[in-house]
Amino acid sequence: MMNLRVTTFLILILASGALRAEDEISFNRDIRPILSDKCFFCHGPDKEERKADLRLDLREGAVAARDETAAIIPGKPQESELVKRILSDDEFTVMPPEESGKHLTENEKQLLIQWIGEGAEYQDHWAYVTPIRPDVPTVPNDNWSLNSIDRFILAQIKEQKLTPSADADRITLLRRLYFDMIGLPPTPAEVDAFLADKSPKAYEKVVDRLLESPHFGERMAMYWLDLVRYADTVGYHGDQEHSATLYRDYVIKAFNDNKPFDQFTIEQLAGDLLPNATTEQKIASGYNRLLQTSHEGGVQQKEYLAKYASDRVRNFSEVWLAGTMGCSECHDHKYDPYTQEDFYSLQAIMADINDNDSFKGGNTLPTKREPEIEALSPIDRERLDAVEAELAELEQKLAANEGNAEVAAELKSEIAVLKSEQKEINNRVRRQMVTVSIEPRTIRLLPRGDWLDESGPVMEPSVPHFLPQVEKKGRVTRLDLAKWLVRDDHPQTARVFVNRLWYLFLGEGISRSLDDFGSQGAWPTHPELLDWLAVEFRESGWDIKQMVKLIVMSRTYRQTSVVVTPGLLKYDPENRLFARQNRFRLPAEMIRDNALSVSGLLVDEIGGKSARPYQPIGYYAHLNFPKRTYLSDKDENQYRRGVYVHWQRQFLHPMLRAFDAPTREECTARRPISNTPTAALTLLNDPSLIEAARVLAAHAMEEDVKNDRARIEWIWRRVLSRRPTEMESKVMADYRQNSKAAYAKDPAEAKKLQSVGRAETPEHLDPVELASWSAVCRAILNLNETITRN
Amino acid sequence: MHPFEEARQQLTRRTFLSQAGVGLGATAAATMLDESLWAGPDASALGGLPGLPHFAPKAKRVIFLCMAGGPSHLETFDFKPKLQEMDGQPMPESFTKGQPIAQLQGKELKCLGPQYPFRQHGDSGQLIADILPHTAEIADDIAIIRSMHTDQINHDPAHTVMNTGTSISGRPSMGAWVTYGLGVESRDLPGFVVLTSVGGRNPQPIASRQWGAGFLPSRFQGTEFYSKGDPVHYVRNPAGVSNEQQRKLVEAVAKLNDLRYQQVKNPEIESRIAQMELAFRMQQSIPELMDFSNEPQHVLESYGTEGSDGTFAANCLLARRLAERGTRFIHLYHRGWDHHGDLKRYMEICCGLCDGPAAALIRDLKERGMFDETLVIWGGEFGRTPMFQGKGKDPGRDHHIKGFSMWMAGGGIKGGTSHGNTDDLGYAAVENPVHIRDLHATMLHQLGIDHKRLSVKFQGLDARLTGVEEAHVVKDILA
């Protein structure tokens, strides 16, 4: 068994190597990854750790003369010290040294030798060079491509003498589109309408409709909130609630309104610094307050100010630069040019954020993390503005129609309705932590990151030294920093974002390392496409919906995820060519949303306070200051989407946790996708899912269909969009008969099942029938296909 | 043959016959390489990393008795007559200047002498305070480290250091590292279990981050067991669903998943079927685990428990039962050791709850021949100041990170030894200091793991439990 495993593994390794066997050497693609992983630790950017005063990350360092030789002598591999060292069999001179635990493979050695032989040309790291729009390739006789994306993708597929996969069948495609764009499944009626629409624009019409759906913002927010580590609690120690939900609603609305990404960026980092900042912009600046905080007894303010400052730089670099700047808190980055000075210079830019008042919170729920404001969510604000405009109009009309009793009465009743809505909205004022700028703190470089060490130099605010600089007299502010991110020549911002968009819709990034665009990150599989998309994004005016449309309209997106092309798997097991779609388990929130949606329980209001679904008792027993009892929502809030679930950092809802939702203590660009017994138990027994199953069963029983098989088909279509096969239908029918027989012997048990959850089912339904149909619905909700985006 | 067994064998056969040919989604392929799903659908229940252990292990598993809140070393294992002499006098500034400090910030610092007499115990003559009479009985079995030190002075970050080696969130905990490296031995119980006891005084909060998997695959995170409600989340069938009904459900789902597999060849489906079966087996095995009725009376009495009621005593016995069944890492938390005031009163409560059961656990492991293969570690996230703190009616002590005590036993540890020392006032570890990362290196060493070689690529770095600073195995306490 073992041998077979190893063999298979080797086949895969060789297969992925085969993709590039005939290519010319490219420094960025072939050489930098080797030097970075195997050499930079001691011969890289970190000046403290650098051995033998040799750095290989810069060409001038590598070729510099040293004692009549040089590490690299371009064109002369045999004479280069580097080559002698990597080929040495002497344990004292061989590189990398034994104790580093690093080894060069034969292939890597050959690549280095060949590269030096060809002149040892270096290239600037791809992610630090401003992207320029490359030409779109043309492939002869291309009758596959639908847009520019496809031409890039097809060109590379053709180079490998392969073909793209066929389009996915229409039902799978529609389902994919729904989950990807709004995070919810299509209804059977929507499936039927799509199947019936034979026009060439049928697909595009759906795309346009989904882009306008208010659920689009919820779906996009799910991901953005992972990046910015949005949560409803403070994270440290007592993990009390803090006030952040208006920020969450701001994000949802921003995506729904298609707020340009540059503006979105500026408002979050520096909304408070904008001239005449609106309430919405102040709410957006809550971004700076999302980090973990503490008021634990014995917190030393100075230590925590240092922690917070570092946390912010870490998150900033991960969200916008896909940079791993966290490393440079204690030392220069080992692999990338971020220095420790860069780290603390960024801290200095953010040193005006008022954190002093945040320590005053008590053990209340929520605790206070001043500065805070009281406001309506941007969603409520918009509705209120509309209501008030309408009211003003109606009141004018009323004044004009005083004489007409009939019209006046009608107007008055309309006004009364609106006034009651106005009042209701005004009652929804919530608190929100915001950013308030104060006299900036002095920021010193902290040697080894030690906040007690005051020997480091005072740092001036500036952006990382090797990137384009902010040209400005005077202090660089957060507003400057935000604007710098979205200037035309910024090498990272647009690339980082489009790469993550691509990942959301294709299941993988063009660079696989969504969170690391440094030299240890993955070289993009399609660098030209990535650049083309980045430039397109910027030049579109940072138009997110346009980019989403571009991606989902591509033929690339529409391919089947089932491997049908012979040989494809052998040559491209990891789908680096995107010659098929990827399939993956749905994110945690969507598993919940799907069950609520198909059962009809979902309350699909946009925005609002956080929701508390059923949760196992005692789960919060570890919490204290104060001790707390979790009270699940007893109203409609129980059935809200996953994006609104109360995000307790220390004890995230077990259902979300079981399906890999992050605690949001740090930035998460990619959630792991696990497959565990805990997840299986959750899917089997979580009351929210049981309740959804029994409510779905009640709906099914009220459908006017002729027999069991038809009822099974009704449920199946509702959950999976497609019809069951004959075999599937038979398995279900047998299961249903078996279940019915068992419950018929014990009707009391059948009734008990209906007690899970608070939703009521019609009393006239026979309990035994209902229990057995509930069992059928449970089975279908537990299928792998139900929780998979294909 | 049991239907699950049959289904699994079918799947396994198919997996191995056609692995190179079936549909590997890219996500699946990426995770496969990482998560060693190559071992087939049951990989998550067993197998560790290839090449591990690196050398012959002394210990197979770890039971970590975490005394959360930070027990005073000066009232337990670190006897300081000089501190006694200086009771009530100002703490010399030479000790405290420029040092981090928690609740005593800005307060006058004066010495507080040890509150209990110390005596020598066992053949080894280890010095242990009178407040720990039962631990005194196992003096010859434990190695006391009196020179521990750590980096973080507040509970939450200090626990994070103790568990992950750093105070930055998002790193794997030691239990996750160990199960990731070595796999688990039980087919139907989690490999990493967390038990938190009830009882005692106002408990420290503990974040689930402390048993998180960080950047390791999430199946390596610790599973919490509860004394109230379901012992494990969602382990009980819903109301109105019998075991038999649940089994039929799992079978139906497995059949349907298999039908789907035949159409789309998604390897995730096979794994899903296997995990669901494992989940079902857990539904049977966990109630059996939690049921102490087959334990002999003298064992129950020795621990001081009658059933799995969530006390530290019950959890110590549960830890042994888990150890017997192949769980790799068992982490017990007893909270309430944060004694800023009323130190004596609370020491009596905490020691009263924890001292006997910990000693009983050692004796029980010895009686069952499991002591040599089980590494037991006792200690808090930090220690307490030699300085007086005046919260509450009677004296207390503040958080302290420069010197504190822990003990280790079993699993190849030399019993009856003391290692390291703090200075005369019990302030700083001065002789053979042992950092948390040294403790980690030692623990991994006993499990047959070279801490430098258990690493995972994270943000470009070969991340390890012991981090980037040098860490050393504490050789002096090894048998």
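Me: Which residue stands opposite Phe118(B) in β3(B)?
Reply: Ala129(B) does. Keep in mind that this is a predicted model. Phe118(B) lies in strand β2(B), which covers residues 118–121.

Me: What makes β2(B) and β3(B) a pair?
Reply: Bridges do. At least two are needed. These strands have four bridges, so they pair. The sense is antiparallel, and β3(B) covers residues 126–129.

Me: How many residues lie between β2(B) and β3(B) in the hairpin?
Reply: Four residues lie between them. Gly122(B) sits in the turn, and its phi is positive, about 70 degrees.

Me: Why is Ser36(A) called buried?
Reply: Count the other C-beta atoms within 10 Å. The cut-off for buried is 20 or more. Ser36(A) has 22, so Ser36(A) is buried. Ser36(A) belongs to helix α2(A), residues 27–38.

Me: Which residues does Ser36(A) contact, leaving aside its neighbours within four places in sequence?
Reply: Tyr335(A), Ser519(A) and Gln520(A). For a contact, the C-beta atoms must lie within 7 Å.
Me: And what separates the C-alpha atoms of Ser36(A) and Arg209(A)?
Reply: A distance of 46 Å. Along the chain, these two residues are 173 residues apart.

Me: How do you know that α15(A) has a length close to the expected one?
Reply: Compare two values. Helix α15(A) runs over residues 301–321, which is 21 residues. The rule takes 1.5 Å times one less than the number of residues. That gives an expected 30 Å, and the helix reaches 29 Å from its first C-alpha to its last. The two values are close.

Me: What makes α15(A) mostly covered?
Reply: Of its 21 residues, 18 are buried. Each of those meets the cut-off of 20 or more other C-beta atoms within 10 Å.
Me: What follows α15(A)?
Reply: Ala322(A), with a positive phi near 45 degrees.

Me: Why is chain A called as compact as a globular protein of its length?
Reply: The rule gives 28 Å for 790 residues, and chain A has 29 Å. The values are close, so the label holds. Chain A contains 32 helices and six strands. Its C-alpha trace spans about 100 × 65 × 55 Å along the principal axes. Of its residues, 51% count as buried.

Me: How many residues of chain B are in contact with chain A?
Reply: There are 81, and they touch 91 residues of chain A. On the chain B side, α8(B) gives the largest share, eleven residues. By class, that side has 33 nonpolar, 33 polar and 15 charged residues.

Me: Where do the domains of chain B lie?
Reply: The domain assignment places domain 1 at 1–18 + 234–303 and domain 2 at 46–227 + 308–477. Their centres are 35 Å apart, taken over C-alpha atoms.
Me: How many residues does each domain of chain B give to the contact?
Reply: Domain 1 gives eleven residues and domain 2 gives twelve. On the domain 1 side, α9(B) gives the most, six residues. That side divides into seven nonpolar, two polar and two charged residues.

Conventions: Residues numbered from 1 in each chain as written. Chains lettered and ligands numbered in written order. Predicted model: local features only at pLDDT ≥ 70, side-chain atom pairs only at ≥ 80, totals over all residues. Contact = placed C-beta atoms within 7 Å. Helix = DSSP H or I, 4+ residues; strand = E, 2+ residues; numbered from the N terminus. Nonpolar A, V, L, I, M, F, W, Y, C, P; charged D, E, K, R; others polar. Rg over C-alpha atoms; globule rule 2.2 N^0.38 Å. Buried ≥ 20, exposed ≤ 12 C-beta atoms within 10 Å, placed from the backbone. Domains from an automatic or database assignment.
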